[in-house]
Amino acid sequence: MAAAAAVAEPKTKYDRQLRIWGDQGQAALEKASICLLNCGPTGTEALKNLVLGGIGSVTVVDGSKVEQADLGNNFLLDEGCLGQSRAKSICSFLQELNDAVKAKYVEESPATMIDTNPSFFSQFTVVIATQLPESSLLKLDSICRSANIVLVAARSYGLTGLVRVSIKEHCVIESKPDHFLDDLRLHKPWTELKQFAKSIDICDKDAVVHKHTPYIVILVRLAEKWADAHDGQLPSTRQEKREFKDLIRAHMLNVDEDNYKEAVESSYKVSVTPGISDDIRQIIDDSSSEVNLSSSDFWVLVAALKEFIANEGNGELPLEGTIPDMTSLTEYYVSLQKIYQAKAESDCLAMEHRVKSILKRIGRDPESISRAYIKTFCKNTRKLRVCRYRSMEEEFSTPVLSEVQKYFADEDSCFAMNFYILLRAVDRLAANYSRLPGIFDSEIDEDVPRLKLAAVAVLTEMGLNGASLSEDLITEVCRFAGAEIHPVAAFIGGMASQEVIKLVTKQFVPLMGTFIFNGIDLKSQVLAL
């Protein structure tokens, strides 16, 4: 009984999030090791979300002591922490939120750690770098990329902030797009589906049977009828699609037949372009699909997928095996479910054989990729994503000029671009004057032209000699004085933790660019530079 309770307890604790990323996603979180650099409000908010979510372990690197200012924007600190190690205090409070998470701390300046102990970071799954200046961030990015560690950079600065992901390559199987067409194969039904459809008389005069025939059956039968009358071609033009809908309506016995209404609404699924989308074709044709001993499991599966399409798939991807809800007799619906599941299982089995064959060929254990992983891959082959990120050094020194110019030409994007440039300029000015602009009220008037000069230098280095920045925004950024305002820090920290969860679970698609938050207008933008 005690063992059963121990297993059930995490499922109860994490019930709501398990519905989003499932047992596999939660298991990945519980194995992950996170390093946070700087535990100010932005970093603390990010870590708080991950600890509540059940991340495996966290290590906080921060050499600061708790000061009075920390009590005003960091809700995990109180007056009893004054003068104590900020990293130690934060870890203590984080453990109270979830005692299943291991929390450690290192009382060291993140900049010093980056300079003197780069190998320290290789032990982590993800490094979250908050409030780091550009010079330290560039060094850390190089370290993390060399060790193939995910880096998430986050910064809140007054009423603005940014989040950026950096890793050479991130492959996503369960991208979970908001909208995606059901994989019903009505344009190319297989033998068992055709036979089942033919076993049902769509002209049956029995009102109950007629109005409870699944729309899949109706569409398979009428698509075949259409093809017979049109030289084997399915409806493709707008006029043909309209005529096909009329053909469906002509088979209705009464106007209240919901199954035929569903068939009309779903008639476009018959005209789906056969074969593979351009996005998936690009992944299949990627040079990484030529696998070897060092290839990741993902690319081994892509190599197997390529072989499957050319052989058992007959030009198609493995079937997902699920069908949507529809008006139907229970026995018809259950039979359809079994037909789709059997086809999906058959495709998965063929993929499994090919995966084992490839693993053996490249010198790996044929059983080293689990059947569960292969099954998940097969269910999501239409939704695969490969995310590749430029290094921060590349982004800063050689941005994609066409994109930058496009952003400056758009009103909303221009504001985000201004913030991006000014945040980089702030670091330049801080490096020269050993302080952030606007820290002293008496020097704001002098800091504004200094910040403008630093921003112009950033623009010039990016190859944007003719671009100009908002004078009002330059003044506002000076007035921010580097403050981490808690609401902004909470939002930026929340964004950072969301991206970490995506990256660790390998579900959903992470940010593909630099996320900029504009707290003045309450807008945000992702800049792909």
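## Contacts of Val127

Two residues are in contact when heavy atoms of theirs lie within 4.5 Å. The model described here is predicted. Neighbours within four places in sequence aside, Val127 is in contact with Cys35, Leu37, Phe121, Leu140, Cys144, Ile149, Val150, Leu151 and Val152.

## Nonpolar cores

In soluble globular proteins, nonpolar side chains tend to be buried together. The largest nonpolar core here has 53 residues. Val127 is among those with the most contacts inside this core, along with Leu37, Phe121, Leu140, Met417 and Ile421. Helix α19, residues 411–433, provides the largest share of the core, 10 residues.

## The largest pocket

The largest pocket holds about 960 Å³ of space. It is lined by 31 residues, of which His170, Cys171, Tyr373, Leu503 and Lys506 are the closest to its centre. By class, the lining has 13 nonpolar, 12 polar and 6 charged residues.

Several elements each supply at least two residues of this lining: α2 (15–31), β7 (169–172), α14 (297–310), α16 (371–379) and α22 (486–505). Of these, α2 gives the most, with 5 residues.

## The second largest pocket

The second largest pocket has a volume of about 540 Å³. Among the 26 residues that line it, Phe180, Leu181, Ser277, Leu317 and Arg382 are the closest to its centre. The lining of the second largest pocket divides into 12 nonpolar, 5 polar and 9 charged residues.

Methods: Residues numbered from 1 in each chain as written. Predicted model: local features only at pLDDT ≥ 70, side-chain atom pairs only at ≥ 80, totals over all residues. Heavy atoms only, no water. 1 Å grid on protein atoms, 1.4 Å probe; cavity = no way out; pocket = protein on both sides within 12 Å on 5 of 7 lines; lining within 4 Å. Points joined across faces, edges and corners; volume = space filled by probe spheres on them. Helix = DSSP H or I, 4+ residues; strand = E, 2+ residues; numbered from the N terminus. Nonpolar A, V, L, I, M, F, W, Y, C, P; charged D, E, K, R; others polar. Core = buried A, V, L, I, M, F, W, Y, C linked by side-chain atoms within 4.5 Å. Buried < 20%, exposed > 50% of the residue type's maximum accessible area, 1.4 Å probe, protein only.
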